[in-house]
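Hi,

Here is the model I promised to pass on. Have a look at it first, and my notes on the interfaces follow below.

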Amino acid sequence: MDISPPLTEEVLEKLKAGDQITITGVIYTARDAAHKRLFEALEKGEKLPIDIRGQILYYVGPTPPKPGQAIGSAGPTTSVRMDVYTPRLLAAGLKGTIGKGARRPPVREAMVKYKAVYLGAIGGAGALLSKHVKRAEVVAYEELGTEAIRRLEVEKFPVIVVNDIYGKDVYEEGKKKYRQETPLKA
Amino acid sequence: MRDIKAPDIAETVTRLCKEANYYLPKDVLDALRQAREKEEAPAAKQVLDTVMKNAEIASKEQMPLCQDTGTTVIFLEIGQNVHIVGDLHKALEEGVRQGYTQGLLRASMVRQPLSKRVNTKDNTPPVVHTEIVPGDKLKIVVLPKGGGCENMSRMAILMPAEGRKGVIDFVVKAVEDAGGNPCPPVILGVGIGGTSEHVMYLAKKAILRKVGEPNPDPEVAELERELLERVNATGIGPQAWGGRATALAVHVETYPTHITALPVAVNFQCHSARQREAVL
């Protein structure tokens, strides 16, 4: 299945934890520093520099591109650092996030409440993932360098549905399935 | 005495920074291939294939394997008969500056950890460890250490009565708690013994060993085997999507310790286990 933001409720209902899907279209990058600013803007009631309603935020800080490249290496960073800001963004209409690693309970609860998904990209596959980014352009907070918000045009960008709108989590399910009991040796 | 000029050190560090970030070491690739053969979970197999394909693209295009090109950790073994002509630490810093700028590697260091978290823009300064050894050579190892795995590090001073079981429980819990954050399959560096700061240094040094090469002490090697088995029984798997390969290897380094203590430390290395060395 290939999805394109803005994500509608109809599409979100179809996504199930464990599904391997692709994204084609526009997504936005944002990580620690940009999240702090987006959060603070929302708290102050200010207008955000991008319209996040229905959109997907990708937690990435790319390496500089070579001449002729859209973007440098561009894999996901650890998502948990964004967790303090995420529920506020979901309440404001954000529908998807891309990163790696488990989310904390408040984020998982917020995803069920506001009907949003968390998608996992393969960490450490930044060179390969960069091939799915066709264009990149800084659209906000340029002074943050690698942490600026970029508008990415992606094609068949591969992700797994980690958390769906029904509260399921691929990390929990996967671990349960492959866990083995090994008694301690004397 | 043998003279080694600081600019030669800088130039070598520049080259090592670039090469470390573009080329995954052969022993890591071999370990990934073996993990792929043994893996049972379909999604996990796909992760391992993707990771190997990523390494192929990075080396072919001389592109960073991962966007997190790390804190530049530099290990030096300085022969006691070496005379360094010039300022060693300035040379290392210049080497990193040039390597990260020329090599289009990401600058990830901030000037100060608290209120002035301003990017230094060239990934300086490196974190440097030096050891004085016999001989007249200088060995330089560059380890670009990503945040995802480094941030999962853990240290504790156990009580001697907790013994081997206490160490195993501590390491397995660290892996369980880390989940997908350190980018499994990981290489686990474990330090046991010494003092609080030395045990973490041992854990860090342990990840420099060739993947899967056992500790020469049979008892420690047996502990490595059991830790690997236990870690890979957690079911976490590659990227924590569920599967067998949570770790490619567990490397344990030990040191004598105080009668009151059993220090233990865990340092995670992600599957993008980059390092490069040179001897001058």
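How many Å separate the centres of domain 1 of chain B and domain 2 of chain B? Taken over C-alpha atoms, the answer is 26 Å.

Some housekeeping before the rest. This is a predicted model, where local features need pLDDT of at least 70 and side-chain atom pairs count only at pLDDT 80 or more, while totals for chains, interfaces and linings use all residues. Residues are numbered from 1 along each chain as its sequence is written, chains are lettered from A and ligands numbered from 1 in the order in which they are written, and side-chain values use heavy atoms, with hydrogens and water left out.

**Inside chain B**

Domain 1 of chain B covers 2-20 + 65-145 and domain 2 covers 148-272 (the bounds come from an automatic or database domain assignment). Across the boundary, 9 residues of domain 1 touch 12 residues of domain 2 (contact means heavy atoms within 4.5 Å). Together the two domains bury about 850 Å², with 62% of that on carbon and sulfur atoms (buried area is the accessible area, 1.4 Å probe, that two parts lose on being put together, summed over both). F75(B), E131(B) and K145(B) supply 59% of the area that domain 1 buries against domain 2, more than any other three residues.

K145(B) turns up again in a salt bridge with E150(B), at 2.9 Å from N to O (the rule wants a side-chain nitrogen of Lys or Arg within 4 Å of a carboxyl oxygen of Asp or Glu). The count of salt bridges between these domains is 2. On the domain 1 side, β4 (127-133) and β5 (138-145) of chain B each supply at least two residues, and β5(B) gives the most, with 3 residues (strands are DSSP runs of E, at least two residues, numbered from the N terminus).

**Between the chains**

The buried area here is about 3,700 Å², of which carbon and sulfur atoms give 55%. There are 3 salt bridges between the chains; in one between K175(A) and E176(B), the closest N and O atoms are 2.5 Å apart.

Cheers

Methods. Helix = DSSP H or I, 4+ residues; strand = E, 2+ residues; numbered from the N terminus.
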